[in-house]
Amino acid sequence: MDGQVEHLRLTTALPRLAACAGRTGAGLFRSRIRMPRDHVGMRVRFGDGSTSWVYRETVLDRPAPLDPCALIVQFRLRLVSGRGHRLFRDESLLNTPLFAGFPGFVSKLWFAADEFGVYRGCYDWDGPDQADAYVRALWWPLALVSDTGSIRYHVVPGLRRDDLFADPTRIGGPVDQWWRPLESW
């Protein structure tokens with residue numbers, strides 16, 4: 001699963017996003033959603049030549065995934081430049097209800113805009129199909145603030161998020177792909 005997002009119909013996506021927000025609220029109430037700082041500041045060079053850094057991490061306390069996959073999502077904000085990026089990073093915490101309650105969510109690394117103005121999220125997910133369903137609903141909130149042509153995703157089945165960064169050679173295939181981490185420090 002890779003490429004432009006084939007989004008759900010709005011009438012299908014809205015109830016899923018609302019249910020996700022409700023489950024996120026319950027997770028926050030039960031203190032099951034954490035924001036560790038283990039990866040904050042980590043820099044990553046991607047296959048398209050860009051470099052970005054992790055500015056936030058979100059983790060759901062839950063059992064380990066049975067069908068692990070890594071999910072990488074990218075988008076470019078419209079009408080944001082300069083200090084606007086800092087404001088977006090601060091505000092983006094309010095977007096947690098849009099993902100943390102989706103079925104299969106495990107964790108997310110939030111990447112700041114790279115030198116091309118592209119943001120990325122790198123997720124741990126339980127089940128490639130559930131990761132795909134999440135992205136297809138996520139398209140709608142991203143479309144409100146992003147250049148819709150920039151919304152892309154890639155699912156790497158069988159690997160956890162941290163596996164992508166610990167040993168990028170495990171992925172195989174071409175190294176010049178936008179989503180592919182080449183090195184981290």
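Tutor: Contact here means heavy atoms within 4.5 Å. The structure under discussion is a predicted model.

Student: With which residues is Ser184 in contact, leaving aside its neighbours within four places in sequence?

Tutor: Ser184 is found in strand S9, residues 181-184. Its relative accessibility is 29%, and Ser184 therefore counts as partly exposed. Leaving aside neighbours within four places in sequence, the residues in contact with Ser184 are Met42, Arg43, Val44 and Phe165.

Student: What distance separates the C-alpha atoms of Ser184 and Glu91?

Tutor: Ser184 belongs to strand S9. Glu91 lies 93 residues from Ser184 along the chain, and the separation of their C-alpha atoms is 26 Å.

Student: How many disulfides does the model contain?

Tutor: A disulfide requires a pair of cysteine sulfur atoms within 2.5 Å. The cysteine sulfur closest to that of Cys69 is in Cys122, and because the two are 10 Å apart, the distance is too far for a bond. Cys122 is likewise in no disulfide, its nearest cysteine sulfur being that of Cys69. The count of disulfides is zero.

Student: Is Cys122 buried or exposed?

Tutor: A residue is buried when its relative accessible area is under 20%. For Cys122 the relative accessible area is 3%, so Cys122 is buried.

Student: How far apart are the end C-alpha atoms of helix H1?

Tutor: Helix H1 covers residues 10-29, which is 20 residues. At 1.5 Å a residue, H1 should span 28 Å. The computed separation of its end C-alpha atoms agrees with this expectation, at 28 Å.

Student: Within what arc do the buried residues of H1 fall, seen down its axis?

Tutor: The buried residues in H1 are Ala13, Leu17, Cys20, Thr24 and Gly27. Seen down the axis of H1, they line one face of the helix because they fall within an arc of 80°.

Student: Which exposed residues are carried by the face of H1 turned away from its buried side?

Tutor: The buried residues of H1 pack against strand S2 (33-34) and helix H3 (128-145). The face turned away from that buried side carries exposed residues, namely Thr11, Ala18 and Phe29.

Student: Are H1 and H3 roughly parallel or roughly perpendicular to each other?

Tutor: The axes of these helices come within 9 Å and cross at roughly 100°. Leu10, Ala13, Arg16 and Leu17 of H1 make the contact with Ala133, Ala137, Trp140 and Pro141 of H3. Angles of 65 to 115 degrees count as roughly perpendicular. H1 and H3 are therefore roughly perpendicular.

Student: What is the phi of Ser31?

Tutor: Ser31 is found in the loop between H1 and S2, and at 55% relative accessibility it counts as exposed. Most residues other than glycine have a negative phi. Ser31, a residue other than glycine, has a positive phi, near 60°.

Student: Which residues of helix H2 are exposed?

Tutor: In H2, residues 83-91, the buried residues are His85, Phe88 and Arg89. Seen down the axis of H2, these fall within an arc of 100°, so they line one face of the helix. On the other side of H2, the exposed residues are Arg83 and Leu87.

Student: Against which strands do the buried residues of H2 pack?

Tutor: The residues concerned are His85, Phe88 and Arg89, which are buried in H2. They pack against strands S4 (51-60), S5 (68-76) and S7 (118-126).

How values were computed: Residues numbered from 1 in each chain as written. Predicted model: local features only at pLDDT ≥ 70, side-chain atom pairs only at ≥ 80, totals over all residues. Heavy atoms only, no water. Buried < 20%, exposed > 50% of the residue type's maximum accessible area, 1.4 Å probe, protein only. Helix = DSSP H or I, 4+ residues; strand = E, 2+ residues; numbered from the N terminus. Expected span 1.5 Å × (residues − 1). Arc of directions from axis to C-beta. Axes fitted to C-alpha atoms, helices over the stretch in contact; angles between N-to-C directions. Parallel < 35°, antiparallel > 145°, perpendicular 65-115°, else oblique.
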